[in-house]
Structures are given as C-alpha cells and as structure tokens.
Amino acid sequence: MTKLRDLFVGVGLVVTLAACAGSDASDDEAASAGPPVPDRSFETFDGDQTSLPELAGEPMVVNFWASWCPPCIAEMPEFEEVHQDRGDEVRFVGLNTQDDVARAEELAEQTGVTYDLGLDPEGELFRDFEVVSMPSTYLVNEAGAVVERHAGVLDAEQLHELIDEHLIGDGA
C-alpha cells in the first residue's frame, strides 16, 4: 500500500511540475523582460538567411513545431487565424525543428500557414531556447527579449490573451 501511495504522490508531483512548466512563477517575473533571443541564423522556407535578433523591433510570437508532432499540427490553423487578425501588430515566426524539410513544407502548405517559417534541422535553436516540449511558443518583446513561454498547445483565444497580456496590452 505504501508503494502505491508513493507512486500516486510521485505522479501527482510530475503532473504539477509539468503544468507549471509553461507559466512564470510570479507576476513580477511575467512583467519583466527575460533573456534575449539567441543570436543564431537560420534559413527561411523562402531560402533566405536571417536571425531572430535581425527581426527584432516589433513584438514576436515564436513557435517551435514539427510535422511529426500532432499537437503542433493541431495548433497551426489557430496560429494562422491569430496571425491574420494580429499580423500588423505582432510578427509570427514558426521554427520547424528536427524535421524533414519536404514534409515540413508540405504541412505548411496543407495547413495554409502564411506567417514567416524558418528551418532548425539540427535543433540548434530548439536547444538554445531550452525547449522542454512540443509545441512550444515564446513571446518576444520589440527589444528582442523573451517575456513569456508556453509549453503545449494553444488555441486562438489563448494566443490572443497571451499577446494582449505580454506584448500589446497594459501588461506589456
């Protein structure tokens, strides 16, 4: 019985830690800017080279995704919807990580994504951002500092709320 109880306590702790992984520890932390985005160049789906610091100057939503990640695929139309609604206020960058380029391009076409897409074939940016789960989304202020991270799927409503809270609204 003790082993079973310990198992339940352990599982509960893991679930609690996982739920907290995508949120900040306090309101003070959420209001302050975090680390700058990594200065690593990447190739865009259009064949150009750029980096996130080069794209700074406007708020950004940076999303890590892959064609082998069903939750990533599920949220892509939601991100496109918000991009269509808010693209004049916030830049959207989808970073395809550790994936087959042809499958990634095919998925982007199938889902109708029109925001900026970049390639991270070896997972270097994935590691630089210390991504813990897929999909993961980072909100970056106009100075290029990470102000919020979210591990897991986001729907359009949640993404709008995060943008308002951390990039555009009074909390930004």
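Mentor: This is a predicted model. Start with Leu-52: neighbours within four places in sequence aside, Leu-52 is in contact with Val-37, Phe-42, Met-60, Val-62, Val-93, Leu-95 and Phe-129.

Trainee: Which residues touch the most other members of the largest nonpolar core?
Mentor: Leu-52, Phe-64, Phe-92 and Phe-129 do, in a core of 43 residues.

Trainee: Why is Phe-64 called buried?
Mentor: Buried means under 20% relative accessible area. Phe-64 has 0% relative accessibility, so Phe-64 counts as buried.

Trainee: How many aromatic pairs are there?
Mentor: The count comes to six aromatic pairs, with ring centres within 6.5 Å as the rule.

Trainee: Why is the pair of Phe-64 and Phe-126 called edge-to-face?
Mentor: Planes over 60 degrees apart count as edge-to-face. The planes of Phe-64 and Phe-126 stand at 80 degrees and the ring centres are 6.1 Å apart, so the pair is edge-to-face.

Trainee: What makes this pair a tie between separate parts of the sequence?
Mentor: Phe-64 lies in strand β3 (residues 60-65) and Phe-126 lies in helix α6 (residues 124-128), so the pair ties together parts that are 62 residues apart in sequence. Phe-126 has 17% relative accessibility and therefore counts as buried.

Trainee: What are the distance and the angle for Phe-64 and Tyr-138?
Mentor: The rings of Phe-64 and Tyr-138 are 6.0 Å apart centre to centre, with 85 degrees between the planes, and the pair is edge-to-face. This pair links strand β3 with strand β6 (residues 136-140), and its two residues are 74 residues apart. Tyr-138 has 5% relative accessibility, so Tyr-138 counts as buried. Ring pairs link Phe-64, Phe-126, Phe-129 and Tyr-138 into a cluster.

Trainee: Which residues of helix α5 are buried?
Mentor: In α5 (residues 101-111), Ala-104, Leu-107, Ala-108 and Thr-111 are buried.

Trainee: How do you know that they are on the same side of α5?
Mentor: They cover an arc of only 100 degrees around the axis, which puts them on the same side of α5. On the other side of α5, Ala-102, Glu-109 and Gln-110 are exposed. The buried residues of α5 pack against β3, α4 (70-86), β4 (91-97) and β5 (116-120).

Trainee: What is found at the start of α5, and what comes just after α5?
Mentor: At the start, a side-chain oxygen of Asp-100 reaches to within 3.3 Å of the backbone nitrogen of Ala-102. Just after α5, Gly-112 takes a positive phi of about 75 degrees.

Trainee: What makes Gln-98 partly exposed and Glu-130 exposed?
Mentor: Exposed means over 50%, and partly exposed lies between that and the 20% limit for buried. Gln-98, in the loop between β4 and α5, has a relative accessible area of 36% and is therefore partly exposed. Glu-130, in the loop between α6 and β6, has a relative accessible area of 59%, so Glu-130 is exposed.

Methods. Residues numbered from 1 in each chain as written. Predicted model: local features only at pLDDT ≥ 70, side-chain atom pairs only at ≥ 80, totals over all residues. Heavy atoms only, no water. Phe/Tyr/Trp six-rings, centres within 6.5 Å; stacked < 30°, edge-to-face > 60°. Helix = DSSP H or I, 4+ residues; strand = E, 2+ residues; numbered from the N terminus. Buried < 20%, exposed > 50% of the residue type's maximum accessible area, 1.4 Å probe, protein only. Core = buried A, V, L, I, M, F, W, Y, C linked by side-chain atoms within 4.5 Å. Contact = heavy atoms within 4.5 Å. Arc of directions from axis to C-beta. Polar contact = N/O pair within 3.5 Å; in protein donor to acceptor, adjacent residues only side chain to side chain.
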